[in-house]
Amino acid sequence: MNIPFLDLSAAYRELQPEIDKAVARSLASGHYIGGPEVAAFEDEFATYCGATQAVGVANGLDALHLALRAMDVGPGDEVIVPSHTYIATWLAVSQCGATPVPVEPDARTYNMDPNRIEEVITSRTKVILPVHLYGQPANMDPILVIARKHGLRVLEDGAQAHGARYKGKRLGAHGDVVAWSFYPGKNLGAMGDGGAITTNNVELAERIRVLRNYGSRVKYTNDVQGYNSRLDPLQAAILRVKLAHLDEWNARRSTMAAHYQKGLVDSGLILPFVTDGVDPAWHLYVVQSPQRDALLKKMGETGIGVLIHYPIPPHLQRAYTSAGYSKGQFPIAEKIANQCLSLPIGPHLSAAGVAAVLAACKTAI
């Protein structure tokens, strides 16, 4: 048995004629920085997300970083972040010279707990940065209420939630800006790096357009100290193809998640909890077990590709040693890190593959 965690090559095989045509079109255009493919993808992705603006950038981290910069986040400022997330969420804040201020998650959904936000707001707080982790939307309504009450911006990290819905509306413009990653393993993944932001705020979108291009609106005229962070036209062409299939591929993920939920209901594992009014993108299917490490080993021995998202919380990474955090300071995040395990899920995992994963889980537990 050999069930990979995610088969990226299968996505290409399914769409090969369309992708090859799109790549050839992009190559023949003579536009190798920016150009019509990038502009078209930005328009199509904005429409898909229910936003008026989309700006392509080089990767998801840059999307977060440039959005924060556009919001004038800098040294001395604080940004509220989840204690349980991929470290990129924190790094974007640090790259601005600001301080990430962690908030523990709701233990059921893994997302930032709105009930814990106000207790960490200070006079230096500038932005609340919720993450739609594992593809399940964060609880945006109370987060937005708190932000308005305190005059704060909201930047959403949507890197794992392409196509997910909150209260019937696709993620893309609930807060001030949504940052996206098109890393190959994402629900909407490029064949290389890529990222974007979506927003209904024209001013913020324009600031990000300037920042991504050396701080320039007109060639050789630089208004601010910017960056080189542009979405590659080849990747934009590929993303345009994949965007047309995203809803179908997300539906496949949802079907797999439903099989897992039913098949593992009496397994003793802690299964994903989906709140009312939320339609997850099921980027990951994450379970928890106090015997996680033993389960990880047994699953690997049977040929099932499982991963941990994520084994070390940001506050315990060596990269943040200088922040002075200690073990036990964020117990919910630490417990999740010690117990979580991601099972294979993806649009090209077969029904037989799902059955094999379920069988292996029941044998290993």
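Trainee: Which residues are linked with Glu44 in a network of salt bridges?

Mentor: Arg25, Glu37 and Arg240 are linked with Glu44 in that network. Keep in mind that this is a predicted model.

Trainee: Why is the contact between Glu44 and Arg240 called a salt bridge?

Mentor: The closest N and O atoms of Glu44 and Arg240 are 2.7 Å apart. The cut-off is within 4 Å, so the pair counts. Glu44 lies in helix α2 and Arg240 in helix α7, so the bridge ties together parts 196 residues apart in sequence.

Trainee: What makes Glu44 partly exposed?

Mentor: Its relative accessible area is 31%. Buried means under 20% and exposed over 50%, so a value in between is partly exposed. Arg240, at 24%, also counts as partly exposed.

Trainee: How do you know that Arg153 and Asp176 meet in a salt bridge?

Mentor: The N to O distance is 3.5 Å. That is within 4 Å, so the term applies. The pair links distant parts of the chain. Arg153 sits in strand β5, and Asp176 in the loop between β7 and β8, 23 residues apart.

Trainee: Why is Asp176 called partly exposed?

Mentor: Asp176 has a relative accessible area of 22%.

Trainee: Where do Arg207 and Glu203 lie?

Mentor: Both are in helix α6, four residues apart, about one turn of the helix.

Trainee: How many salt bridges does the structure hold?

Mentor: It holds 22.

Notes
Residues numbered from 1 in each chain as written. Predicted model: local features only at pLDDT ≥ 70, side-chain atom pairs only at ≥ 80, totals over all residues. Heavy atoms only, no water. Salt bridge = Lys/Arg side-chain N within 4 Å of Asp/Glu carboxyl O. Helix = DSSP H or I, 4+ residues; strand = E, 2+ residues; numbered from the N terminus. Buried < 20%, exposed > 50% of the residue type's maximum accessible area, 1.4 Å probe, protein only.
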